[in-house]
Each structure stands twice: as C-alpha cells, then as structure tokens.
Amino acid sequence: MTDNVKFLLVDAQVLPEVFTKVVQAKMYLAQGKAKSSSQAAQMADISRSAFYKYKDSVYLYDERMNENIVTFYLTLEDRPGVLSSLLGELYQAGANIITVNQNIPVDGVALVSVSVRTSSASLSRSEILEKLEALDGIVEAKAI
C-alpha cells in the first residue's frame, strides 16, 4: 500500500464498535441531544478519551450526500413574500433545502441560489424548475 493513502472506505461491520459509537456521540452533539462531549460520550457508551482520540478522524459516510443535489439560480422581484413562496414551493415538492443565499437587491431584483436534495421529492428536477418559473415574482430561474 502506498504511503500517501489518507482515507479508506470501510464497512462499519468489520470495524471495532468504538468507531460507530464515536459517530453516534458526534450526532448527539450536533443535534443538541448532548450538551457536552462528556455527555455525548456517556450517551454513546464510550469513554471520553476514546471520543477525543477519534472524533476528528471518524465521519459518517452517507452515499446519498452527493446524489440528487440540485442548485437553482433565480432572480426574484424585491418584494415581500417572493422568497417565502419559493421556499414553500420547494417544500411542497418534497425537496430538502440545503442552502439558501440571497444577494442584496439591486434595481428591484435579488439574485438567489438555493441548493436542494431531491431524493425524497415528488417531482423531477425539471418539474420543480417549471413550478418555480411559474411563481409570481420569479423573474428568471435556472437549474444546475
């Protein structure tokens, strides 16, 4: 094996249980179920030292993370409710919103980018785009 290997993808079933418990403890912290690293380690049934030893080296692999992510670039009229109706339409389509970035309005319009995960969406990417283009206050919509 070469010396420059930095990461390996390994089935958790062949690893010592401590690794999955470290990931579980990190999730307790991220979700606010644990208020401290000590509490998270206790909840995951591992020692604090094991948590600290591995916390920066063990991550949950979610093969869905890179799949079904679409970024919509939109030009919105600068008036109340336009962004809200856009987000509502994405919610209705079952898209999981990952990021929203809205620029300061210039000349009565604001540029917005919205990244969504569509793996649970009830509509296709093109169908969602059509719905967004039809919304009142959307000047232009593109999908990447």
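**Reading contacts, burial and charge pairs**

User: Which residues does Thr71 touch, not counting residues up to four places away in sequence?

Analyst: In this model, which is predicted, Thr71 touches Ser113, Val114, Ser115, Lys142, Ala143 and Ile144, once residues up to four places away in sequence are left out. Thr71 itself belongs to strand E1, which covers residues 69–77, and with Ser115 there is also a polar contact between the two side chains, at 2.8 Å.

User: How should I read relative accessibility, and does Thr71 count as buried or exposed?

Analyst: The general idea is a cut-off, with buried meaning under 20% relative accessible area and exposed meaning over 50%. Thr71 has 18% relative accessibility, and therefore counts as buried. Ser37, in helix H2 (residues 37–43), is buried as well, because its relative accessibility is 17%. Leu8, by contrast, lies in the segment before helix H1 and counts as exposed, because its relative accessibility is 61%.

User: What does Leu8 form on the surface with Val10, Val14 and Leu15?

Analyst: Those four residues form a nonpolar patch, and together they have about 370 Å² of accessible area.

User: How do I read a helix such as H1, and which of its residues are buried?

Analyst: In general, an α-helix has 3.6 residues a turn, so residues three or four places apart point the same way. Here, H1 spans residues 17–30, and its 14 residues reach 20 Å from the first C-alpha to the last, which is close to the 20 Å expected at 1.5 Å a residue. Its buried residues are Phe19, Lys21, Val22, Val23, Ala25 and Tyr28, and the parts that cover them include H2 and helix H3 (48–54). Just after H1, Gly32 takes a positive phi of about 80 degrees.

User: Which residues is Val22 in contact with, leaving aside its neighbours within four places in sequence?

Analyst: Val22, which sits in H1, is in contact with Ile46, Ala50, Phe51, Tyr54, Lys55 and Val58. Its relative accessibility is 0%, so Val22 counts as buried. Take Ile46 from that list: Val22 and Ile46 are 24 residues apart in sequence, while their C-alpha atoms are 7.6 Å apart in space. For another pair, Ser37 and Val112, which are 75 residues apart along the chain, the C-alpha atoms are separated by 37 Å.

User: How many salt bridges does the structure hold, and what should I look for in one?

Analyst: Side chains of opposite charge can pair when their charged atoms come close. The structure holds six salt bridges. In one of them, the side chains of Glu77 and Arg79 meet at 2.7 Å, N to O, and Arg79 also forms a salt bridge with Asp136, where the closest N and O atoms are 2.9 Å apart.

User: Why does the pair of Asp136 and Arg79 tie together separate parts of the chain?

Analyst: Asp136 lies in the loop between helix H5 (125–134) and strand E4 (138–143), whereas Arg79 lies in the loop between E1 and helix H4 (82–92), so the pair ties together parts that are 57 residues apart in sequence. Asp136 counts as exposed, because its relative accessibility is 59%, whereas Arg79 is partly exposed, with a relative accessible area of 33%.

User: Which salt bridge does Lys142 make?

Analyst: The side chain of Lys142 meets that of Glu140 in a salt bridge at 3.7 Å, N to O. Elsewhere, salt bridges that share partners join Glu17, Lys21 and Asp45 into one network.

Methods. Residues are numbered from 1 along each chain as its sequence is written. This is a predicted model: local features need pLDDT of at least 70, side-chain atom pairs count only at pLDDT 80 or more; totals for chains, interfaces and linings use all residues. Side-chain values use heavy atoms; hydrogens and water are left out. Helices (H or I, at least four residues) and strands (E, at least two) are DSSP runs, numbered from the N terminus. Buried means under 20% relative accessible area, exposed over 50%, partly exposed in between (1.4 Å probe, protein chains only). A polar contact is a pair of N or O atoms within 3.5 Å; within protein, one must be able to donate a hydrogen and the other to accept it, and residues adjacent in sequence count only if both atoms are side-chain atoms. Contact means heavy atoms within 4.5 Å. Patches are made of residues with over 30% relative accessible area and no salt bridge: like charges are joined within 9 Å, nonpolar side chains (Val, Leu, Ile, Met, Phe, Trp, Tyr) within 5 Å. Accessible areas come from the Shrake-Rupley method with a 1.4 Å probe; for residues, only the protein chains shown count as cover. The expected span of a helix is 1.5 Å times one less than its number of residues.
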